[in-house]
Amino acid sequence: MIIGQPASGKSTLARLLGARTGLPVGHLDHIHRQPGWVPRPEDDKIRLIRAEEEKPACIIEGGLSRTWDTRLARANMLVWINVGLALRLWRVLARSWRFRGRSRPDMTAGCPEHFDRDTLVFLWFILRTWRPGLHRMCRVFAARDRPEVELRSLAQTRAWLAAL
């Protein structure tokens, strides 16, 4: 189970881990949004996340903290990407530019990246939720009784992947 705040690198790490281990990867951004950036109804999200959880083995990355309890119960490892706020804000801008007009690999098809008012709203969301989200993840991380990894930089992440 990979957690982290928006634009921390969860999807990229999950893809790399999936390639390295051969395990299927569940990107919750595929579940959160339908084509055209349409939000999926909450009950549908929960049902789809539960279906991901039921797979015999997989890597699941992403939010929706209301489902963390069941994901944590099944996870044999928790990976927390805990990178700084400035880096995360930069990543949102960079990926908006890099994938402009196209959907990112970890996003639902039909959700092309763009830079507009919605991007600014997302940046504001990241700023607004930074501290409460950090505290929530600290609590989840501290309460674990299984292996856990906290990655605080790209260099740490690369070293951890190389050591697998």
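This is a predicted model: local features need pLDDT of at least 70, side-chain atom pairs count only at pLDDT 80 or more; totals for chains, interfaces and linings use all residues.
**Two pairs of packed helices**

Two packed helices are described by the angle between their axes and the distance between the axes. The table sets out these values for the two pairs considered here.

| Helix pair | Angle between axes | Distance between axes |
|---|---|---|
| α1 (residues 10-21) and α7 (residues 154-163) | roughly 15° | within 11 Å |
| α5 (residues 85-98) and α6 (residues 117-142) | about 165° | 11 Å |

In the pair formed by α1 and α7, the axes cross at roughly 15°, which makes α1 roughly parallel to α7, because an angle under 35 degrees counts as roughly parallel. The crossing of these two helices is right-handed. On the α1 side the contact is made by L13, L16, L17 and R20, and these residues meet T157, W160, L161 and A162 of α7. Sorted by class, the residues of this contact comprise 6 that are nonpolar, 1 that is polar and 1 that is charged.

Helices α5 and α6 pack at an angle of about 165°, and they are therefore roughly antiparallel to each other, because angles over 145 degrees are counted in that way. The crossing of α5 and α6 is right-handed. Here α5 contributes L85, R88, L89, V92, L93, R95 and S96, which meet T119, F122, L123, I126, L127 and W130 in α6. The residues of this contact divide into 9 nonpolar, 2 polar and 2 charged.

One residue of this contact can be followed in more detail. L85 lies in helix α5, and, when residues up to four places away in sequence are not counted, L85 touches I126, L127 and W130. The C-alpha atoms of L85 and H135 are 14 Å apart in space, although these two residues are 50 residues apart in sequence.

**Empty space in the model**

Rolling a probe the size of a water molecule over the atoms shows where empty space is left. How many cavities of 30 Å³ or more does a search of the whole structure find? The search finds 1 such cavity, and the volume of the largest cavity is about 30 Å³. Its lining is made up of G4, Q5, S8, W80, I81, N82, V83, R88 and L134, and these lining residues divide into 4 nonpolar, 4 polar and 1 charged.

Of the 21 residues in its lining, M1, C58, I59, N76 and M77 are the closest to the centre of the pocket. By class, the lining of the second largest pocket consists of 14 nonpolar, 2 polar and 5 charged residues.

Methods. Residues are numbered from 1 along each chain as its sequence is written. Side-chain values use heavy atoms; hydrogens and water are left out. Axes are lines fitted to C-alpha atoms, for helices over the stretch in contact, and angles run from 0 to 180 degrees between N-to-C directions. Helices (H or I, at least four residues) and strands (E, at least two) are DSSP runs, numbered from the N terminus. Angles under 35 degrees count as roughly parallel, over 145 as roughly antiparallel, 65 to 115 as roughly perpendicular and the rest as oblique. A crossing is left-handed if the near helix is turned anticlockwise from the far one by less than a right angle, and right-handed if clockwise. Contact means heavy atoms within 4.5 Å. Ala, Val, Leu, Ile, Met, Phe, Trp, Tyr, Cys and Pro count as nonpolar, Asp, Glu, Lys and Arg as charged, and the others, Gly among them, as polar. On a 1 Å grid over the protein atoms alone, a cavity is a set of points where a 1.4 Å probe fits but cannot get out, and a pocket is an open set with protein on both sides within 12 Å along at least five of seven lines; lining residues have an atom within 4 Å of a point. Grid points are joined across faces, edges and corners, and a volume is the space filled by probe spheres set on the points.
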